[in-house]
Number of protein chains: 2
Amino acid sequence: MTQKPATRKEEIVQTAEMLFKKKGYSAVTMRDIAQAMGIKAASLYNHIQSKQEILSDIIINIGEQFTEGMAEIVAMENVTSIQKLERIIKLHVQITIENPSRMATMNNDWMHLEEKLEYYLQLRRNYEESFRQILKQGIEKGEIKNVSPEVILFSILSTLRSLYLWIPKKEESIKENLLGKLSQVLLTGITP
Amino acid sequence: MTQKPATRKEEIVQTAEMLFKKKGYSAVTMRDIAQAMGIKAASLYNHIQSKQEILSDIIINIGEQFTEGMAEIVAMENVTSIQKLERIIKLHVQITIENPSRMATMNNDWMHLEEKLEYYLQLRRNYEESFRQILKQGIEKGEIKNVSPEVILFSILSTLRSLYLWIPKKEESIKENLLGKLSQVLLTGITP
DNA sequence: ATGTCAAACTAACAATTGTTAGTTTTGTAG
DNA sequence: CTACAAAACTAACAATTGTTAGTTTGACAT
């Protein structure tokens, strides 16, 4: 699920993101993080600059993963809009399986970013705009029902952004089926 | 959108929930709440017992609204499962339009409940179980596609729980259409 | 053995936290 | 005008916060 940390700093970030997921950034203290690692709070500062830096590292890392993934999808040729949507769903499932805690932190604590806040918001706006364009093209080409793209965008994105809440509970076998089932529900609906 | 506060305590709760929505429970101080009301932090304690009480009031209030709404839906006779799902969607849209800040607080800060935490979790488990039963009955009767009820539950509930993020931006006219569009997308999908 | 360097430690800081105690202001009913 | 209750205030508290400075430890190459 999560990679082996390569540096001591990465260990700190990985410990922090687990705690952030449970209680949120503001409710987690540097002493909490240190205790979870079996060291003292002051020792953390041999490896990081500030608590804020931990948060930035977590969120910007994931934000840029989504940006890169979306760029690839936008660049795809000779595919339908539905196929692009399937790729978006796959992108979310993959990233969330790899980094459930980071996803939780990005979703819940982005507003506590300081210097990096505007950059994060820019990434998010661009991502949503690409998503919206894919939906509009699909409607134009008749591949997607002519319903408000905004409502579709909201509905799919809400589900994908909540994946971190459900994925950690499932075993690997279920995760494999998840992508297919989720695509079916989100794209074709639940009525026969 | 929000009711006129009847008591000074309700004013405090309403001020608090707006701030909780923006920054989360842990990041909002009693001095923040007081300042937003133009008074001093100590004055709040003429009306409330603790910061924790504010959070409890907000979350339990909403939690019980959902419990009551779901009880009515479960008790409905001579209706299809799809009609019950439409009523669930309507329930979420209505409550969220009336209390967007409370919804945000319930979704994001329930884990900071103390004495009332177990009661809240019980309400939530019961709600989800009723939802699950409606889905299973729908599948049995052939009114709902035979896809994993768990995935359907997750998908619809994720969207409904995120409504607070989108609803405050829309004007009243859009809100009226929202219910219909949302039902269409969630139930019949987006493919023609 | 010695020197080096990363990574831990102790001790402390200034600021901020939720909350209490006791006092003063304010508006309204008699 | 007076009395009373509601609701504000000032001042302070003990605990906790992120962070810094300076020191010690431990592993390893020389």
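Helices (H or I, at least four residues) and strands (E, at least two) are DSSP runs, numbered from the N terminus. The model is predicted: local features need pLDDT of at least 70, side-chain atom pairs count only at pLDDT 80 or more, and totals for chains, interfaces and linings use all residues. Residues are numbered from 1 along each chain as its sequence is written, while chains are lettered from A and ligands numbered from 1 in the order in which they are written.

DNA strand C is surrounded by 15 residues, the closest being Lys40(A), Ala42(A), Thr29(B), Ala42(B) and Ser50(B); a residue is near a strand if its C-beta atom, placed from the backbone, lies within 6 Å of it. At least two residues of this surface come from each of helix H3 (41-44) of chain A, helix H2 (30-37) of chain B and helix H3 (51-75) of chain B.

The contact between the chains takes 33 residues from chain A and 32 residues from chain B, two residues being in contact if their C-beta atoms, placed from the backbone, lie within 7 Å. On the chain B side, H9(B) gives the most, with seven residues.

Ile144(B) lies in the loop between helix H6 (117-140) and helix H7 (149-161) of chain B. Ile144(B) counts as buried because it has 24 C-beta neighbours inside 10 Å, the cut-off for buried being 20 or more.

Technical notes. Buried ≥ 20, exposed ≤ 12 C-beta atoms within 10 Å, placed from the backbone.
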